[in-house]
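I opened my notebook for a browse through this one. Here is what I looked up, entry by entry.

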Amino acid sequence: MRLAMLNRWKQEEAQSLSDVEVLTYQSRLVGAEPALVMWGGGNTSLKVARRDFRGREVKAMLIKGSGSDMKAAQPGDFPAVRLEDLLPLYERTEMGDEEMVDYLERCLLDPGSPRPSIETLLHAFLPQASIVHSHADAILSLTNTSNPSGAIRAALGGDVVIVSYLRPGFLLSKGVAQAALSRPRAKGMVLLNHGLVTWGADAKSSYDAHVELVGRAEAYLAERAVGKLPFGGVKSEPLPKEERRRVAAAATPVLRSELGALGGSRTLLRFLDDDQTMRFAGSKLGREVAMVGAATPDHLLNTKRAPLWVETQDPSDAVELRRALEEGVAQYRQEYTQWFLRHAGAGVEMRDPNPRVIIAPGLGMWVAGRDARALDVVSDIYHHTISIMAGAQAVDAYTSLSPRDAFEAEYWPLELYKLTLLPPEAELSRKVALVTGAARGIGKAIARRLAQAGAHVALGDLDAEGAQDAASEINQETAVGRCIALALDVSSPEQVAAAFQETLMAFGGVDILVSNAGVAPTGSLDGMPLAEWRRSLEVNATGHLLVGREAARILREQGLGGSMVFIATKNVTAPGRGFGAYSAAKAAEAQLARVFAIENGAYGIRSNIINPDAVFQDSGLWSQELREERASAHGVPEEELEEFYRKRNLLQAFITPKDVAEAVLWLASDRSAKTTGCMIPVDGGVPEAFPR
Ligand code: ZN
């Protein structure tokens, strides 16, 4: 256990701030420490005087909005609620969650504000002006033990109140207030299996108390850990890094297939093999402790009650691992279903029964989720779970919620209700695309369009830096983490294999391949150096074979269908003078695409071709040399070349990368589910190039 709890308060920064600014400042300090709160967890409040819409002075409380993130808190994240309307609720003996949410919304001073935290009443019922509530790792390490009161007293001393576990909501809020009022001199309060609450007359004192108590908990855990091996010491050594990634990549499509089976939703996966994960996965007691359950209801909603633990005799044996994953997922689902049936009342619908965390000793861990953000959340939370379990094991033995409480946490009606408020998923949500030649021009426009449609995209390019810039740009525009960049020479089998492996490690699969990378050598067949002809074949034909067959292999293993789109050229159907090496190799690409369609149709994998023409914008293909050469081949001045191409087509249109991307989106999506082996021109209409 590391000793990280710092008091970050700087009075010179805080002293001139307004009340809401001080609260924002305090919240950011709490949020800056992941060992206190993560991903929208925890909350802070400050009781203040405000004027209502008629200018009357009212007692109000600024409280963190539901789901907003403390580390990036803004003053607008703290809606003001009227205490006068909240406090009478203390007299009630019960209140349903949905009624409470509706009630809280009516207490807002400004009707347009964000929805106040679900823990608003807990803050309101406490008399002190400033309240800080976190789900600190070190506190959970104390509460999730077989004798929590003993551990809390030993670590924090006698001046904290202990409240037994209750699901967040009205009853917990009232219980907290009653306990606190009975111990007016207490410094703070520990909620079992949940976290810590501290208070004070101002933001600084509640923050100081919080940091002090968590610091005491950390120091106690560190002391208890001396001389003990975390999780009983090493059981199995990790495989070398390259080896474990090779095995994990070989097994990932099977895992994704299993998780998406039985009508389940397609999922993304991320493979993790950092030191903390490897030590936990390879420890003697890791499995046993992991099966005890999640540390808090909050965590459980993201990681499920327990991970799937997959053990094989020989971690380097990918075949055995695949079999173990198949069996493991099936068993996990069965056990989840039994647990659900044991606790569910009539009319409750079972949620996704699949694991979110999959651990393989010697190899590493996969996390599962609907998008890159969900993968970040599950990964972060499980890393913290490991720390919490390690701390609790150092005290005595890690414990968790009872199966009944765990069920009620996962099937908390308010959480289920929140899920119904999520926006509908985008067309390519939960799908992964790999686009080659994606640093600029057509490839970049395709990557952008697919990401806008909800896909996660791996952008491959010979120009690795360009691919990185494009990925960062698209991540900024769409959602952070949606795109990754790959160094990729499509004519190198090793680089192609590595690019797919990296995509599997980051996103867990591939659903869409857009094979776009190409080169455009020019010159008549007579004088062309043989090396140039061969280079064109290497990239424009063999390159498509290499990426196409690697994609097809993974798509078949996943068993979820798939779409491959090959960016060819108008020259496939209407070749041009002085463009032989290009036209011949691109014709081979088109024929390859059709054979991919024929050989993979039985697996629901489609393969189609797009023939663009004269796309100049941001192009890596149209070098100065190529422009000059094509201008002379067509007998027009070089500066009129684009205009020449425009006038040549029926629609008299300039063709842009976006036009090509739009056609790719259709072929990548299920809207073209019945189309394979097809060739679509995006050329403004060139009669001599009509596919026939
Ligand atoms: Zn909480």
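**Entry 1: a loop threonine**

I started with T312, which sits in the loop that runs between β9 (308-309) and α14 (318-343). I kept in mind that the model is predicted. Is T312 buried or exposed? I found a relative accessibility of 17%, so T312 counts as buried, given that the cut-off for buried is under 20%. Next I listed its contacts, setting aside neighbours within four places in sequence, and got E320, L321 and A324.

**Entry 2: a histidine in a helix**

I moved on to H544, which belongs to helix α21 (residues 530-558). The relative accessible area of H544 is 1%, so I noted this residue as buried. Which residues does H544 touch, leaving aside its neighbours within four places in sequence? My list reads S515, N516, A517, V539, F566, I567, K586, E589, L592 and F596.

**Entry 3: helices α7 and α9**

Then I turned to helix packing. I reminded myself that two packed helices are described by the angle between their axes and the distance between the axes. For helix α7 (residues 148-156) and helix α9 (residues 203-225), I noted an angle of about 105° and axes 8 Å apart. The two are therefore roughly perpendicular to each other, as angles from 65 to 115 degrees count that way. On the α7 side I found A151, A154, A155 and L156, and they meet L213, R216, A217 and Y220 of α9. I sorted the residues of this contact into 7 nonpolar, no polar and 1 charged.

**Entry 4: domains**

Last, I checked how the chain is divided. The domain assignment gives domain 1 (11-225), domain 2 (241-420) and domain 3 (432-689). How many Å separate the centres of domain 1 and domain 3? Taken over C-alpha atoms, I noted 54 Å.

Note on methods:
Residues are numbered from 1 along each chain as its sequence is written. This is a predicted model: local features need pLDDT of at least 70, side-chain atom pairs count only at pLDDT 80 or more; totals for chains, interfaces and linings use all residues. Side-chain values use heavy atoms; hydrogens and water are left out. Domain bounds come from an automatic or database domain assignment. Helices (H or I, at least four residues) and strands (E, at least two) are DSSP runs, numbered from the N terminus. Buried means under 20% relative accessible area, exposed over 50%, partly exposed in between (1.4 Å probe, protein chains only). Contact means heavy atoms within 4.5 Å. Axes are lines fitted to C-alpha atoms, for helices over the stretch in contact, and angles run from 0 to 180 degrees between N-to-C directions. Angles under 35 degrees count as roughly parallel, over 145 as roughly antiparallel, 65 to 115 as roughly perpendicular and the rest as oblique. Ala, Val, Leu, Ile, Met, Phe, Trp, Tyr, Cys and Pro count as nonpolar, Asp, Glu, Lys and Arg as charged, and the others, Gly among them, as polar.
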